[in-house]
Amino acid sequence: MTPDGLRTAAAGGGGALLVVGDVITDVVARHRGPLSAGTDTAAAIRTVPGGAGANVACWAARGGGAEVRLLGRVGADAAAWHERELAECGVRPRLVVDPEAPTGTVICLVDTGEAAERTFLTDSGASLRLEPDDWSDALLDGVAWLHLSGYLLFSEPSRALVAAALESARARGVPVSLDPASAGFLRELGVDRCLSLIERVDVLLPSRDEACLLTGLPDAADAAAKLSRHVPLVVVKQGAEGAVIARSGSVYAQVPAVATTPRDTTGAGDAFTGGFLAALLAGATPEDAAADGCRAGALAVERVGGRPPMPD
């Protein structure tokens, strides 16, 4: 499907966005300078709702356009809290409560220096235990677009769910996007295996590091162009350098970032993806949708945690 065809398919049906992905509890520790091994490092610590899939859904719902739904898996320990937090962001959650595993938890170490860079320590918990039995073709009723969190690629059960969801979406003509999610986990999965999994999607939204890892190329634009030979539309997120859009083996647009002062870069890529998808569903071109994504990313880095501000 061409980018114009994707745009028409997304906006023409007036349907919902269904996000399938991870729902996580984030423990954000903001510290200044290097960590002091073997002793204390002062930090400001907050526990906030997160997860790449859940964050994307919340940012997509922020504009109040298309209905946004989320399928995810959590533990009984935090199911009610996550459901409430998602609903308050305007998302319709469908959370499967895992009978054994706790809700996934990520410790986000954020250096409060100029770049506000972060390091994640990830315990995926219940989030990667989504399985084909959690999927139903009926989940696509009234859905115009399906978005998959790339974290689903990193366990056998959730990969099987991805295959089932893709098959259902193809049968119904629903476009599918995917955000690869983690360069570190992609490296463990293997580039060839990952490429074979993403070739069935319509839009790929990698970060610069993920795009370069998947192609073996050092330049984001070259990587975007190469990936667009496998996927109809590729949007590479570059943080403070904006975004690169490619199709049919060539870059055709570069979208500048929005100037901002970063406080916490956790979830910035999720914000971009949510803003991009919401705009696309509203009928925007990929270039204009990427500009909306950049604006959402800029707002995200000014806040602690990966979620948008609560609506008034």
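## Strand S1 and its sheet

From S1, Ala-16, Leu-18 and Val-20 point one way while Leu-17 and Val-19 point the other way, and all are buried (under 20% relative accessible area with a 1.4 Å probe, protein chains only). Because five of the five residues of S1 (residues 16–20) are buried, this strand is largely enclosed by the rest of the structure. The model is predicted, with local features needing pLDDT of at least 70 and side-chain atom pairs pLDDT 80 or more, whereas totals for chains, interfaces and linings use all residues. Residues are numbered from 1 along each chain as its sequence is written, and side-chain values use heavy atoms, without hydrogens and water.

Strands are DSSP runs (E, at least two residues), numbered from the N terminus, and two of them pair if DSSP finds at least two bridges between them.

| Strands | Bridges | Opposite residues |
| S1 and S4 (residues 68–75) | four bridges | Leu-18 and Arg-69 |
| S10 (residues 203–204) and S11 (residues 233–237) | two bridges | Val-203 and Leu-233 |

The open sheet has nine strands in the order S5-S4-S1-S8-S9-S10-S11-S12-S13, and its pairing is mixed. Strands S5 (91–98) and S13 (250–255) stand at the edges with a single partner strand each, so one side of each is left without a neighbour in the sheet.

## Helices H7 and H8

Helix H7 (residues 208–215) meets helix H8 (residues 220–227) through Arg-208, Ala-211, Cys-212, Leu-214 and Thr-215 on the H7 side, with contact meaning heavy atoms within 4.5 Å.

Key. Axes are lines fitted to C-alpha atoms, for helices over the stretch in contact, and angles run from 0 to 180 degrees between N-to-C directions. Buried means under 20% relative accessible area, exposed over 50%, partly exposed in between (1.4 Å probe, protein chains only).
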